[in-house]
Amino acid sequence: MGIKVLGPDINESLKGFAVNSKGEIRFGLGGLKGVGEAAVESIISERQKNGSFTNIFDFIKRINQRTVNKKTLESLAYAGGFDCFPEHHRAQFSMSLKVK
């Protein structure tokens, strides 16, 4: 059908699959293993109140760290949720798996 299905993105994804402004389907944050419902709601709520996250450090400062913990951040990183930031890519996080 020619419809693009994009991976998760903390600046665009909703809880479930959703269509973005370009007519592409964006994978929902709720479908990621290791990312709980409270974390998803916290991320989306913060993004709607104060706008898109400018970088990973802005994301960490603004989120509720009681709902978004280390495991959640790792799951988001491995799934490509932070790929919207050009200075960080999920391939940078795969080194920690190889070292173990």
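Contact, as used throughout, means heavy atoms within 4.5 Å. Helices (H or I, at least four residues) and strands (E, at least two) are DSSP runs, numbered from the N terminus. The model is a predicted one, in which local features need pLDDT of at least 70 and side-chain atom pairs count only at pLDDT 80 or more, while totals for chains, interfaces and linings use all residues. Residues are numbered from 1 along each chain as its sequence is written, and side-chain values use heavy atoms, with hydrogens and water left out.

**Whole chain**

Select the protein chain and colour by secondary structure. The chain holds 4 helices and 3 strands, in the order β-β-β-α-α-α-α from the N terminus. Of its 100 residues, 36% are buried, where buried means under 20% relative accessible area, exposed over 50%, and partly exposed in between (1.4 Å probe, protein chains only). The accessible surface is about 6,400 Å², and carbon and sulfur atoms account for 56% of that surface; areas come from the Shrake-Rupley method with a 1.4 Å probe, and for residues only the protein chains shown count as cover. Among contacts between residues at least 6 apart in sequence, 41% join residues at least 24 apart.

**The sheet**

Next, select residues 5–6 and 18–19 for strands 1 and 2, and residues 25–26 for strand 3. In what order do the 3 strands lie in the sheet? The sheet is open, with the order 1-3-2 and mixed pairing. Strands 1 and 2 are the edge strands, each pairing on one side only. Two strands pair if DSSP finds at least two bridges between them; strands 1 and 3 run parallel and are joined by 2 bridges. Show L6 and R26 to see bridge partners, R26 belonging to strand 3.

Now select D9, in the loop between strand 1 and strand 2. Is D9 buried or exposed? It is buried, at a relative accessible area of 10%. Beyond residues up to four places away in sequence, D9 touches R26, L29, R47, G81 and C84.

D9, E12 and R26 form a network of salt bridges, a salt bridge being a side-chain nitrogen of Lys or Arg within 4 Å of a carboxyl oxygen of Asp or Glu. By this rule the count is 6 salt bridges. Between E12 and R26 the N to O distance is 2.7 Å. This pair links distant parts of the chain, 14 residues apart: E12 is in the loop between strand 1 and strand 2, and R26 is in strand 3. E12 is partly exposed at 30% relative accessibility, whereas R26 is buried at 14%.

**From the loop to helix 1**

Select K15 and E37. Their salt bridge has its closest N and O atoms 3.1 Å apart. Because E37 lies in helix 1 and K15 in the loop between strand 1 and strand 2, the pair ties together parts that are 22 residues apart in sequence. K15 is partly exposed, with a relative accessible area of 40%.

**Helix 2**

Select residues 56–62, which are helix 2. Display D58 and R62, whose side chains meet in a salt bridge at 2.9 Å, N to O. About one helical turn separates the two, because they are 4 residues apart in helix 2. D58 is buried, with a relative accessible area of 14%.

In helix 2, also display I60, which is partly exposed at 28% relative accessible area. Apart from neighbours within four places in sequence, I60 is in contact with Q65 and L73. The C-alpha atoms of I60 and L73 are 9.2 Å apart, with 13 residues of separation in sequence.

**Helix 3**

Finally, select residues 70–79, helix 3, where T72, S75, L76 and A77 are buried. What covers these buried residues? The cover includes helix 1 (37–50) and helix 2.

At the start of helix 3, a side-chain oxygen of N69 reaches to within 3.2 Å of the backbone nitrogen of K71. Just after helix 3, select G80, which takes a positive phi of about 95°.

Definitions and conventions:
A polar contact is a pair of N or O atoms within 3.5 Å; within protein, one must be able to donate a hydrogen and the other to accept it, and residues adjacent in sequence count only if both atoms are side-chain atoms.
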